[in-house]
Amino acid sequence: MPRRGRRSEAAKIRWRRMDPEPDIAKLTTPQPTPQAWSPTQSPEKKKPLLMAFGPPDQTCPMVCQEELRGPSTPLGSRQGTGYRHRVMQWGYSRVTRRRRKFVLLAEAPEKKFALLVGDSHLRAIVDGFVTMPGSTLSLGVLSSPGASADELRREVLDTILPRTPDVICLLAPSNNLSSSTTFQEAGRDFDSLLHTISNLCANVVVLDFPPRLIVEEREQALLRQEYSRVAAKRSVRYLPVTEHFPLSHLDMWSRDGVHLSDAPGMEVLAKLLWGAVSTQLQLSAPVSESLALSAFPPLSACPPVSLPAFPPVSHPFPRLVVDGKGPGQSASHTFHGTVVGGGQKS
């Protein structure tokens, strides 16, 4: 038998000290054993597939299987894929201290004057990155980015217009989703805004605000319902736009998920604004006035009409005689009575 050297024994001791968990301890760890089933014990129930991946101390109610699932991406991280121009610096308003700008597009005194009022969605139209589809109207655009309904009301009061608008199209303010504490408060501010605009022009139409990707659809729907209710109370048309902006087309929004892209998002909105203004002018035009302007000349331009001379009537007009007697009596003889229609009492 060879003798064991001291070096090998010292090395073994050193190796044991360096190993925090020796192999012997691993072998002595008891392994879980499956429990045998007995006739008095009910068979083990299998968990549903939706609960198999959850924590063992939590149970998912059966309603979860019937609820509609939301988008896989959280709302805060949803963003569009479209391009939006770099914003230009505007001056500050003296009433709200927000950026604002009012421009006149193709001003012509002989054309009807239409005014657009809205928030940052109209910024691309004001700066000329998006053009309106028509040119038959003299157009004015007032934009105040970030303004709520109450702030837009103050901006309208502070704006000096070249003339009284023939129609005003209001883009419903979507900033009340964050500035108002309740939908009732947003409705009251929107009602005050409509009252102010109606004092400037009786011909008013409201276009719904484009949807946002980063806000719950239910909250936006409730605000739209409140705006529509207030507009109906004031007999103002409220035109919906949600069907023109499907949420699956992310190229219609910019990367922030709030503003529309220059193309195709703002192009669609410009067509909707132009259509709202044009149809409102057609609906508000009186039928008699449009017929008189199109078919009949004014009275001052008509020459005097000379009537032809009719020959004198040779035979006398018939006379009706009432004698007060019954229908069975004869009235062929001459008597004194009342003449109706063309004579005096004899």
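Buried means under 20% relative accessible area, exposed means over 50%, and partly exposed lies in between, with a 1.4 Å probe and protein chains only. This is a predicted model, in which local features need pLDDT of at least 70 and side-chain atom pairs count only at pLDDT 80 or more, while totals for chains, interfaces and linings use all residues. Residues are numbered from 1 along each chain as its sequence is written, and side-chain values use heavy atoms, with hydrogens and water left out. Helices (H or I, at least four residues) and strands (E, at least two) are DSSP runs numbered from the N terminus.

Q: Is Arg97 buried or exposed?
A: Arg97 is found in the loop between helix H3 (49–52) and strand E1 (101–105), and it has a positive phi of about 60 degrees although it is not a glycine. Most residues other than glycine have a negative phi. Because its relative accessibility is 57%, Arg97 counts as exposed.

Q: Which peptide bond is cis, with omega near 5 degrees?
A: Most peptide bonds are trans. Pro264 has its place in the loop between strand E6 (237–239) and helix H9 (265–284), and the cis bond is the one from Ala263 to Pro264.

Q: At about what angle does H9 run to E4?
A: The buried residues of H9, among them Leu269, Leu273 and Trp274, pack against strand E2 (113–118), helix H4 (123–126), strand E4 (167–171), strand E5 (204–207) and E6, where contact means heavy atoms within 4.5 Å. Axes are lines fitted to C-alpha atoms, for helices over the stretch in contact, and angles run from 0 to 180 degrees between N-to-C directions. H9 lies across E2, E4, E5 and E6, and its angle to E4 is about 145 degrees.

Q: Which strands stand at the edges of the sheet?
A: Two strands pair if DSSP finds at least two bridges between them. The open sheet has six strands in the order E1-E3-E2-E4-E5-E6, with mixed pairing. One side is left without a neighbour in the sheet, because each has a single partner strand, for E1 and E6.

Q: Which residue of E4 is the bridge partner of Ala114?
A: E2 and E4 pair in the parallel sense over four bridges. In E4, the partner of Ala114 is Val167.
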